[in-house]
Amino acid sequence: MLTPQLHYGPTAKAFHWAIVALLVVQAPLGWLMRGLRRGMPPDAALTVHVSLGLTILLLIVLRFLWRLSHPVAPESYLPAWQRLSSEWVHWLLYLAVLLTALTGWLLDSARGVGPVLFGLSPMPRLVGEGSAFGQAVGRWHATLVWVLVALVAVHVAAAFIHLLVYRDRVMQRMLPGERSPAPPPVHN
């Protein structure tokens with residue numbers, strides 16, 4: 001078993017903030033395409049949305065593998081319920097991002113839209129056009145977007161609670177340039 005590090009390294013931070021930046025662009029772009037139907041030719045918005053989705057999928061898988069191979073210990077001064085809830089939210093975030101990207105890919109495949117990575121490289125369709133399975137699973141895509149939004153809101157709220165209420169350095173652990181923080185004041 002690997003010994004957890006005390007802080008997030010530059011690679012973990014780069015994965016985190018790259019995924020954040022892409023999700024900030026991806027969500028509004030997805031709302032622009034709500035009228036997409038089977039057989040419609042992909043437009044620029046769809047091509048960018050699918051390309052970003054595939055990029056996010058790749059990054060979340062790499063981030064997950066990085067986290068498994070470079071674990072970071074939770075702050076030891078946090079109450080057990082905060083350490084546990086933090087772990088749960090992080091793992092649920094990984095799962096929600098992964099499932100959101102995969103269901104989008106399945107839905108586009110079932111609609112007959114072959115994903116093309118930034119207009120350069122065609123990606124394989126996961127199911128055939130008109131696939132009932134692809135349509136059924138793909139319908140979960142919009143629901144998963146809302147699950148992801150809720151999890152991100154919980155994650156961001158917790159970070160700001162630590163920053164503004166507890167005034168500890170939990171949030172700073174993921175900020176660029178930050179190293180091992182000094183122990184904060186103990187809170188109940």
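These notebook entries record what I looked up in a predicted model.

**Entry 1, conventions.** I number residues from 1 along each chain as its sequence is written, and side-chain values use heavy atoms, with hydrogens and water left out. As the model is predicted, local features need pLDDT of at least 70 and side-chain atom pairs count only at pLDDT 80 or more, while totals for chains, interfaces and linings use all residues.

I checked the span of helix α1 (residues 10-31); helices are DSSP runs of H or I, at least four residues, numbered from the N terminus. The expected span is 1.5 Å times one less than the number of residues. I then listed the buried residues of α1, among them Phe-15, Ile-19 and Leu-22. Buried means under 20% relative accessible area, exposed over 50%, and partly exposed in between (1.4 Å probe, protein chains only). The buried residues of α1 pack against α2.

Is Ser-51 buried or exposed? Ser-51, in helix α2, is buried because its relative accessible area is 0%. A polar atom of its side chain lies 2.7 Å from the backbone oxygen of Thr-47. Beyond its neighbours within four places in sequence, Ser-51 is in contact (heavy atoms within 4.5 Å) with Val-116, Leu-117, Phe-118 and Gly-119.

Val-61 counts as partly exposed because its relative accessibility is 35%.

How values were computed:
Helix = DSSP H or I, 4+ residues; strand = E, 2+ residues; numbered from the N terminus. Polar contact = N/O pair within 3.5 Å; in protein donor to acceptor, adjacent residues only side chain to side chain.
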